[in-house]
Amino acid sequence: MSGPHSIDIDYVAQLARLELTAKERERFSGQLGDILQHFAQLNEVDVSGVEPMAHAFPVENVFREDKSEPGLPPEKALENAPRKRNNMVLVPKVVEG
Amino acid sequence: MEYEAVIGLEVHVQVKTESKIFSSVGVGFGAQPNSLTDPVVLGLPGVLPVINREAVEKSIKVGMLLNGSIPRVTKWDRKNYFYPDSPKNYQISQFDRPICSGGELEIELKGPSRNVMGEHKTIALTRAHLEEDVGKLIHLEQESLVDFNRAGTPLLEIVSEPDMHTPEEAYAYLTALKMLLIYGEVSHCDMEKGQMRCDANVSVRPAGQKKLGVKVEIKNLNSISGVRNGLAYEIERQIQVLLGGGTLVQETRGWDAAKGMTYHLRSKEESHDYRYFPDPDLMPVRIDRRWRERLRASLPEKPFDRQRRYFDQYSLPYTLTSVLIPDPELCHFFEEAAKRAKLPRQAANWIVNNLLGELGKAGLTLSESKVNPAKIAQLVNLIEEGVISKNLAKERVFPEMFKTGENPAAIVQAKDLGLSESAEELEKICSEIVQANPDTVAEVLSGNKKAINFLKGRVMRATRGKANPALVGPLLEKLIAEKG
């Protein structure tokens, strides 16, 4: 797929740690390309003089006071872990800087 | 060829709060693994993070202490990556609207000796942004263990410009930054507990060249001297590669403190594409003028400003200030004593040279000291008023005061340590000593001036140290001259 709003589907899949079949690659390329097309359309709107916003709702300064409460007990926190040891999640060794 | 290094530092500091940045579970170090988590920290489905006001306020204060620009609006973004330290596959951080932009930090380089102040410089900063800390990995032979206790701790990343040129400057930068953050009460900055962590970017270029060399990032620099040593090694390594005709590659290297060398971690090609986007769960924060002013009013005097004031206001020598300044609690103690002491400089002397020494020997902290600022001031005044000699104050009064917390005036009275006031009595004692030591007197008269010290010692012993040394010398000289 190539075009003004094509997407590098292999790169995106790699970033998302997804292994795609040829069929999926084609389908998702089309769908993601459509999304890019949609945003390209939005980009055409003249927004000069409009203050950028980070959120759809004009709500700001939603805070939590700094008070601590008990969290989850370790056994509960680790309930979904496929493997565990000494109250920690056991994962394949991945070393990264 | 001469080479010049260019260094920039990224310092991560845990902001001092009771609870995590986006949820209410407590923060802490050394707790049982995975005992400080909750659904938000673990990124379970359906949770909603809400930002901790204290973490935001303290970060703004840091920005102000660093003379940075605090934006009207700041927001949070998702930094996407896959790694087991982040349970939700993204870290909530700040991308294009950080809580502080620009700024600078005053640093002091090492002086020519311990008694002489080093050169001061200002290092330019890029930004500071507030994010969540991630979990901790413990690497075993085949597998890794994940502890999420640290995840969600408020973490402020302070990024400098590539504005430093020597490992010593980087060392001074971290020392100054730590001091400033401790003054601001925004972080404990204990590097051993991971409350302050540092990565360094370093490149070398021929001296005089404008264009930057190939940049290497060093990770795991987990002590202030580690930063200095890691940089020193890496700069030398890069220069050697270039001198040998080799080329440098952009890479990330780790610092092995035990081996004293850096090692390859990953190259530029493997670097990340984080695909930042605004976090839809979090609302932007608007920092209005009133809030700004309130925070500005709560800022402490900065360490180097305080040091300059100590020079001006109390005429303290550099050596005393260099002990006092890094410790705000000690500074407060000194200033309280200085308010009451006739000679503030002497109060500083007693605190730095005697009190700290005794506390160190006893293994006590300043807050456990039985000696308070008022007692230090009283001791200084007793000496200044000529009530006791400095020697007795040091040898008899101070140790007693340290042990019992008794007032120095009460100790002087109880032990009868006051200088003998009667000149007549003193003259009588001196006269007796001169009579009893004709050989020494003859020696002094024959030109050996130092022999008089023996007589002074005799007088001191006879008066149990209570004689005023300022009077004893001239008096003895007069009596000896009469013999001649």
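## Exercises on a two-chain sheet and chain B

Chain B holds 15 helices and 17 strands (DSSP runs numbered from the N terminus, helices being H or I of at least four residues and strands E of at least two). This is a predicted model, where local features need pLDDT of at least 70, side-chain atom pairs count only at pLDDT 80 or more, and totals for chains, interfaces and linings use all residues. Residues are numbered from 1 along each chain as its sequence is written, chains are lettered from A and ligands numbered from 1 in the order written, and side-chain values use heavy atoms, without hydrogens and water.

**Exercise 1.** Work out which strands stand at the edges of the open sheet of 4 strands.

*Solution.* Start with the order: E2(A)-E3(A)-E10(B)-E9(B), paired antiparallel (two strands pair if DSSP finds at least two bridges between them). E2 (84–85) of chain A and E9 (136–139) of chain B each have a single partner strand, so one side of each lacks a neighbour in the sheet. Next, look at where the chains meet: E3 (residues 88–92) of chain A and E10 (residues 143–147) of chain B are joined by 4 bridges. Finally, pick one pair: Val89(A) has Val146(B) as its bridge partner.

**Exercise 2.** Compare the radius of gyration of chain B with that of a compact globule.

*Solution.* First, take the rule, 2.2 Å times the number of residues to the power 0.38, with the radius taken over C-alpha atoms. For 484 residues a compact globule would come near 23 Å, but chain B has 31 Å. Then check the extents: the C-alpha trace of chain B spans about 95 × 55 × 50 Å along its principal axes.
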